[in-house]
Amino acid sequence: MRLLRYTLFRFAQAIPVLLGITVILFLFINMTPGDPIRIMTAGQEVSESHLAYLEARYGLDRPIHVRYWDYLSGFFTGDLGRSIHYNRPVSEVMMARIGPTLLLVLSAFLFAVVTAIPLGILAAKRRNQPSDHISRIVALFGVSTPSFWIGIMLIIIFAVQLGWFPSAGLVMPWDAPSDAGLSGYFWHMVDVLHHLFLPMIALGTLQMATIMRVERTQMIDSLQGEYVKLARAYGVSERTILRKHAFQVAQLPVITLVGLGLSTALGGAVLTETVFNINGMGRLLIDSIQQKDYQVVMSVATILAVIFVIGVIITDIAYAYVDPRVTYGEGE
Amino acid sequence: MARPTTLSRRRLLATGAVVSGVAVAGCIGGDGDDDGSDGLVDPEEFQYDRSEPDDEEAARDSEIHYTQEQERAEDFDPIVSNDAYSFQVFTQVFDGLFEYDDGLGLTPKLATGEPDIENDGTRFIYEIVEDAEFSNGNPVTATDVEHSFIAPVLEQTENAPTYSVIESTEVVDERTLQVDLSEPFGPWQIMTQAVTVVSKEDRLSDVEAYDEAAPDTVEAAPDAVNEYVDSTYNDDPVGNTIGSGPFEFESFELNGPATLVRRDDYWGDPTPYLQRVTFEAAADPSSRVSQIQADDTDVISGIPDNTWPELDQDGIRRYMSQSPSYMYLAFNCTDEADTSSPEVRRAVCQSFSMQDFVETNASNTAQPITTPVPPITNEQWGFPMDEWNDEYYPEYDPDNAESLLNEHAPDDFNPTIICPAGIRADLAERVATRLDEIGYGAQVQVLDFGTLVDTYTSGNPDDYEMYLLGWTGGPDPDTYLYNLFHEDSAGLNQGHFYEGSDSFHENILAARETADQEERYDLYEPVLIEILEQLPALPAFTQHNSMASGTHVQDLHAHPDVATNPQLAREYGNVWVED
């Protein structure tokens, strides 16, 4: 019950944060130089009257506070407005883009967590042995190499030279033909993984390396703790010590890292999407900023902010759940 | 069969060492010498002969994946769309009244031939071919062509300015349309009669209501008529976007693949060999190159200059065509600007070598130009470019540049150059470096496009003395001269605010108000010479259209007009795939 109340409290706290984000975003976007109508009509013979008509059509002739209010009220009713560049509802444009980004980011995180934690534990357990050195070198490479460069190298080696994986694009799991059947769906999922593999590695390597370094350090600390020495003195097996005593304590910073790493991953997704030609939210955001497509920029940035805030809240809740020392706010 | 090109120099360039050398030369800006040698790739060498399949039946099973160089705005309604990359897709679905030949000349498609011209060049009477049909079996009529001409104006779409010169239209009979212009309009035939023809009945949700709401004259009435336009025509093209072209939509994914399938009942000639073509965009150049190298696509468009030699490898064929693109360096000519004096402008132009810049930065995909009318456009007009180049174009002469600046420029001459990122920023840096070498200098500001447009149209000398931009026109000089030099376009499409001689603006306007090409030539000639003498803008270079494909793709040809690439089923090329 206390956890539920804490969760609701954290979500309530997020509302003014998100409102503040939308105000700042809206002001910044509208204060930047550049007129979307002039960009749209660049390279054409246009008259002032035609420019004025287009401005009115997209509501850009109204005062900024009116436009903000329209945006906000529309956002809560699911109407995100109309894209100037695409001349379609923003929700339609975003729906086409959000799936690939979520698939990419979540799979990259899954790859990072699934590989980093065992490798971190292994490196800690075999400290200063060859496997530890290799893990540290891999981690150092991961944290010091940009994801887009990893992506380019993966493409050159595995797509261009070896031809093992496709160089571009994603296949969505939900895009299987309706009449595919079980076997068809299986091969469709193979195709999904085939396309996902390289971008997932490219985006997940940084997270994997970061988590692995922290996991290793925390596990080394844990394994040197007094309670571990006591357990050893009682004759508890190494496997049990590792699993029951050292592991859980070592995960607290990792949980924080995973939660906050979401923003890094979303940022990295922009470049990964570009290198692998994936039509995701990151590229949509960049293109829309260049086109000054206000409605799309606002909506994508707000959705990303919501995702990030939810990520932080989930991290806090997980932290509170795992670590009994964290209170549910009663003392605050 | 396609004519193979063997160019030993380019094969040599394919080695990494030489490529690196070129890149380094580009970075440091060359040595500044202009020895007159021409190390530029000639587009002619990457155009191929026609090829026909031995096995026609097999060729008719062909499918290709075409990777576009920019994302589409997904506008498939020709009345509304002004996006070259959407146009690349829907130009396969719709036929035009006329269409480009293998250059920028026009050839009839839905028209039976050239229009009859009456009333001093203000009345055009078009006859429509008899057997043309839309993909739903309805005949293409004069009513459809009329709607295609006037709907952009009625609905105030982005294409409205193109057709705003139309005063009235009259459907004489089912196959004859009369178009009356409000005044003679020089570029009319060459620029606008290639209108893409839509099916009025299928495009509108209620034809009668639309016609009733439309005013009697051809004028803007968007609030009255727009509600009768069927939104699915554009938004959901599969089954709704009806054209008379050789393909129709099979599937479409927003910002994803758009797949077209051949119409076996296509009325025109030739019928495509290709059964299916999928368009997908890859805006990142390296991604496109990787895709063609990894054989993940059949054709890519827009080859980056630095990868042109890299793609000279087995299994990949490169294509190139000149384009009507025009890159320029413009000067702020307002009285308060340091570049208001033509001597100062000439000095800046003589401080660096354009030929050297293009050779070191874009030798594979661009060529320097002499006038604001690119060479491919000039093919329709025949201005003496070489002669003007020798006589008027400012040649590289840093000593003269220095003495001109010493004499005419303020002591603290340090102009601001604004430009977008990319090759134009490289050129700006080159100019700044060369000015620095002769004792002056320049500040280069690389701006995003929106900021750049806001800034360069202000005319404020505190913000800029020079700007670098580009313009893609077509087969008529009017698109360049009116939009980039006439005073009506000042603050809209041009920011040099050049006042010009007494006849400068008059000639540009007079040339667009006459239909006689010889008369127009005579009007443009002094304008072009004045531009080269007074230099409100220095013509810089034109960038070529390029493509690359696997060698299994046959009879593909790069066209000068980027929006009509790829030409999949034309008299000049009918693409097929060899097993």
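**Reading a two-chain model**

Trainee: Into which domains is chain A divided?
Mentor: Domain bounds here come from an automatic or database domain assignment. Chain A has domain 1 (2-76) and domain 2 (96-291), and the centres of these two domains of chain A, taken over C-alpha atoms, are separated by 34 Å.

Trainee: Before we go on, what should I keep in mind about the model and its numbering?
Mentor: This is a predicted model, in which local features need pLDDT of at least 70 and side-chain atom pairs count only at pLDDT 80 or more, while totals for chains, interfaces and linings use all residues. Residues are numbered from 1 along each chain as its sequence is written, and chains are lettered from A and ligands numbered from 1 in the order in which they are written.

Trainee: At what angle do helix α5 and helix α10 of chain A pack?
Mentor: Helices (H or I, at least four residues) and strands (E, at least two) are DSSP runs, numbered from the N terminus. Axes are lines fitted to C-alpha atoms, for helices over the stretch in contact, and angles run from 0 to 180 degrees between N-to-C directions. Here α5 (residues 90-125) and α10 (residues 238-275) of chain A pack at about 145°, with axes 9 Å apart.

Trainee: Is the crossing of α5(A) and α10(A) left-handed or right-handed?
Mentor: A crossing is left-handed if the near helix is turned anticlockwise from the far one by less than a right angle, and right-handed if clockwise. The crossing of α5(A) and α10(A) is right-handed.

Trainee: Which residues meet there?
Mentor: Two residues are in contact if their C-beta atoms, placed from the backbone, lie within 7 Å. From α5(A), A:Leu104, A:Phe109 and A:Lys125 are among them, and on α10(A) the partners include A:Leu242 and A:Leu266. For classes, Ala, Val, Leu, Ile, Met, Phe, Trp, Tyr, Cys and Pro count as nonpolar, Asp, Glu, Lys and Arg as charged, and the others, Gly among them, as polar. The α5(A)-α10(A) contact has 10 nonpolar, two polar and one charged residues.

Trainee: Where does UniProt place the feature "transmembrane region" in chain A?
Mentor: UniProt positions are given in the numbering used here, feature names are shortened, and annotations may be inferred rather than shown by experiment. The unreviewed UniProt entry includes residues 7-29 and 252-276 of chain A among its transmembrane regions. Residues 7-29 of chain A are 100% helix and 0% strand, with end C-alpha atoms 32 Å apart. For residues 252-276 of chain A, the figures are 96% helix, 0% strand and 34 Å between the end C-alpha atoms.

Trainee: In what order do the four strands of the open sheet in chain B run?
Mentor: Two strands pair if DSSP finds at least two bridges between them. The order in chain B is β4-β5-β7-β6, with antiparallel pairing. β4 (116-118) and β6 (166-173) of chain B stand at the edges with a single partner strand each, so one side of each has no neighbour in the sheet. Neighbouring strands are turned by 20° against each other on average, direction ignored. Three bridges join β4(B) to β5 (residues 123-127) of chain B, and B:Glu118 is opposite B:Arg123 in β5(B).

Trainee: How many residues of chain A are in contact with chain B?
Mentor: 38 residues of chain A are in contact with 33 residues of chain B. On the chain A side, α2 (36-40) and α11 (281-291) are among the helices that each supply at least two residues. That side has 16 nonpolar, 14 polar and eight charged residues.
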